[in-house]
2 protein chains.
Amino acid sequence: MEASGLYKCIADPQRLRILNLLEAGALCVCHMQELLKVPQVKMSKQLAAMKQLGLVESKREGTWMIYSLIAPINGLLRANLQYLRQAECSECNQLHRDLVNRNQLIARIAGANDDCPVSVCEKIGCS
Amino acid sequence: MEASGLYKCIADPQRLRILNLLEAGALCVCHMQELLKVPQVKMSKQLAAMKQLGLVESKREGTWMIYSLIAPINGLLRANLQYLRQAECSECNQLHRDLVNRNQLIARIAGANDDCPVSVCEKIGCS
DNA sequence: ACAGTATATACCAAACCAAGAATACAAAAA
DNA sequence: TTTTTGTATTCTTGGTTTGGTATATACTGT
């Protein structure tokens, strides 16, 4: 992939946040929606765009869709996520908060096991 | 500056090339035009956009305008230029070639000293 | 077969962006 | 004072992107 494509992608803060979340592990669409507080249609379209770009892939698990970064993770993307995590800016803080929220979400799901199908739970690392 | 602004900026290959050139030192508009083979109006507008963003600044030298990166150089920008220089992709190769061409241009100006005003020449490091 | 849930797609309007032509401006040269 | 040179701004036009609503699909459970 050319650099400009990636830059255009992460120039959208929401897409950057999604990629940041996914770098920590796979997630399903509705959980990302919940984490980013974004309407379903928008989330779906942004994921489709990133899939098209070759950044993410999806796997169906029943009616649920699990998204993850395509391995090996794009080097330029990783370099940027790394940089932003260590930097100081409002967007960077948001990325940190997102990761914290992600952990809380996973913990919550692990506790109340009627939250999502076990098969999904396994894939996203909370079983 | 927020990250998304920078990403939107460097998502345009031409702007990325300009920033790459400027990291090696100041340049005047017409030389950048020559290096990137881009029409004057487009170059001027892209420089204006980057100035607005707070990435570059300009200094008048007679009728000439000398552009340079604002110091200290934006960390995220530097990290990306650094990454791209060490990576392998068509855009990265272009950045290398641009730097080579920049050196040739400077050398040529230094030789034929009727190419541009001495005062300009001094600023862009070819005197 | 039916209803429900999770996700995707189609479609449309609004907002935004890029390219080019023409023109303006600022300084230097004649 | 006029011309020339280097650069910036304005305006228009066509293209892309975004956000929302409605609808479709794919699967599950009854």
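This is a predicted model: local features need pLDDT of at least 70, side-chain atom pairs count only at pLDDT 80 or more; totals for chains, interfaces and linings use all residues.
Local features need pLDDT of at least 70, side-chain atom pairs count only at pLDDT 80 or more, and totals for chains, interfaces and linings use all residues. Residues are numbered from 1 along each chain as its sequence is written, chains are lettered from A in the order in which they are written, and side-chain values use heavy atoms, without hydrogens and water.

DNA strand D is surrounded by 17 residues, each with a heavy atom within 4 Å of the strand. The closest are A:Lys42, A:Lys45, B:Cys30, B:Gln40 and B:Tyr67. The table gives polar contacts (pairs of N or O atoms within 3.5 Å).

| Side chain | Atom of DNA strand D | Distance |
|---|---|---|
| A:Lys42 | phosphate oxygen | 3.5 Å |
| A:Lys45 | base oxygen | 2.4 Å |
| B:Tyr67 | phosphate oxygen | 2.6 Å |

Two or more residues of this surface come from each of H4 (40–53) of chain A and H3 (29–36), H4 (40–53) and strand S3 (64–69) of chain B. H4(B) provides the largest share, four residues.

The largest pocket holds about 150 Å³ of space. Its lining residues (an atom within 4 Å of a pocket grid point) include B:Arg17, B:Glu34, B:Asp98 and B:Arg108. H6(B) gives the most to this lining, with six residues. By class, the lining has three nonpolar, three polar and five charged residues, where Asp, Glu, Lys and Arg count as charged.

Technical notes
A polar contact is a pair of N or O atoms within 3.5 Å; within protein, one must be able to donate a hydrogen and the other to accept it, and residues adjacent in sequence count only if both atoms are side-chain atoms. On a 1 Å grid over the protein atoms alone, a cavity is a set of points where a 1.4 Å probe fits but cannot get out, and a pocket is an open set with protein on both sides within 12 Å along at least five of seven lines; lining residues have an atom within 4 Å of a point. Grid points are joined across faces, edges and corners, and a volume is the space filled by probe spheres set on the points.
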